[in-house]
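Take a look at this protein model.

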Amino acid sequence: MVLDIEKDIIQWRRELHQIPEVAHDVPKTAEYIAGKLDQFGVPYKRNVGGHGIVALITGSKPGRTFGIRADIDALAIEEETGLPFSSTHKGKMHACGHDAHMAMALGATKVLNSISGDLPGKVKILFQPAEEGPGGAKPMIEEGAMKDPVVDAIIGLHVGGIFKEVQNGQVGIGRGAIMACLDSFRMTVWGKGGHGAMPNATVDPIMISSYIIQALQTLISRELKPTSPGVITIGTIQGGTAYNIIPEKVELLGTARFIQEEDRTNISKRIGELASQIAVGMRGRCEFEYTYGYPPLVCDEQFTDFFKGIAEEVVGSQNVVTIDNPTMGGEDMAYFLKEAQGTFFFLGSVKQGDATYPHHHPKFDLDESVFWRGSALLAETAFRWLKSNG
């Protein structure tokens, strides 16, 4: 059934690819999705947590509610693919595959709506903005996206090549925590400015910062279990105005990623403690602010096993790959999975050629021939789960 609309799914992706929008500012994208839902005859609610859309398919028989989530935002990147359907919005591009996520979700919506007479229960399709930041899942949940009716189970996917072991057309699954939290922090290291030739009369915040940066890595190597992954990265350092002046302060921005919530709680405190003590020990001081972002993404093991059986039927058991090691990337699908059982799977779909470009690259592109698999997996899982949990 999905193969009958394969060309439509590809065309929807191409049309969405041309109108990328960033973060919560996605009015054209939301309008496009609403237009397709109108064509399908599927009712929906707009402006949920911003420009989020919640569509609802009601089956002819009573039952539970299954959720399908698709993120809809793009990135602030100037496209360089040269595709005939390249972005028409300067400085914006679907460089992470969310255009495909939307198209696949629309495909699943059309198929499920066409068989609603055989559907026991309801299917909610959540089109969510701002996955790339600052986060759109939490605002949608806060405005009731997972209620009325309550979503009992939910599924989402990511295309591309996040996991190298998942080849094109293959499906990657993971049990438990498979993606990290996405936290950030800010430090302001204060010293005493002065002449670069007279450091004894100053307190050098650049030198203090250099010790802090190195010491932070000992939190990973000496305070985490060796089998528990974690990352601390300093992404920006701002300080100083001239080669011969020691500045008053240095500002540092960084990110911290953990798979286990306990590690996240402990190390987030230790970053500030360690930085502050180093600064004080070198006659300066450090102001520290830690921001908790997306939580770790945890897939329900029982549901993932249920999905695995379906995936093996749809794409063949040889094309279902178990992901043993999580990625330290983050995803706000994690918020939905804290509300209901479910899973998040990965569909290998990087366009092959003389050069293969990764996510967030201005030449990133996808293999459209596998899109139908995403729609089929979303629709089939929704249908089977409702049938087995009626």
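How exposed is Glu 223? Glu 223 is partly exposed, with a relative accessible area of 37%. The model is predicted.

Glu 223 forms a salt bridge with Arg 270, with 2.8 Å from N to O. This pair ties together distant parts of the chain. Arg 270 belongs to helix α6 (residues 261-281), and Glu 223 to helix α5 (residues 205-223). They are 47 residues apart. Arg 270 is partly exposed, at 26% relative accessibility.

Asp 152 pairs with Arg 64 in a salt bridge, and their closest N and O atoms are 3.7 Å apart. Here too, distant parts of the chain are linked. Asp 152 sits in the loop between α4 (137-142) and β5 (153-160), while Arg 64 is in strand β3 (residues 61-71). The two are 88 residues apart. Asp 152 is partly exposed at 22% relative accessibility. Arg 64 is partly exposed at 33%.

Glu 380 is partly exposed, with a relative accessible area of 26%. Arg 384 is partly exposed as well, at 26% relative accessibility.

| Salt bridge | N to O distance |
|---|---|
| Asp 152 and Arg 64 | 3.7 Å |
| Arg 270 and Glu 223 | 2.8 Å |

**The whole structure**

The search of the whole structure finds 19 salt bridges.

Methods. Residues are numbered from 1 along each chain as its sequence is written. This is a predicted model: local features need pLDDT of at least 70, side-chain atom pairs count only at pLDDT 80 or more; totals for chains, interfaces and linings use all residues. Side-chain values use heavy atoms; hydrogens and water are left out. A salt bridge is a side-chain nitrogen of Lys or Arg within 4 Å of a carboxyl oxygen of Asp or Glu. Helices (H or I, at least four residues) and strands (E, at least two) are DSSP runs, numbered from the N terminus. Buried means under 20% relative accessible area, exposed over 50%, partly exposed in between (1.4 Å probe, protein chains only).
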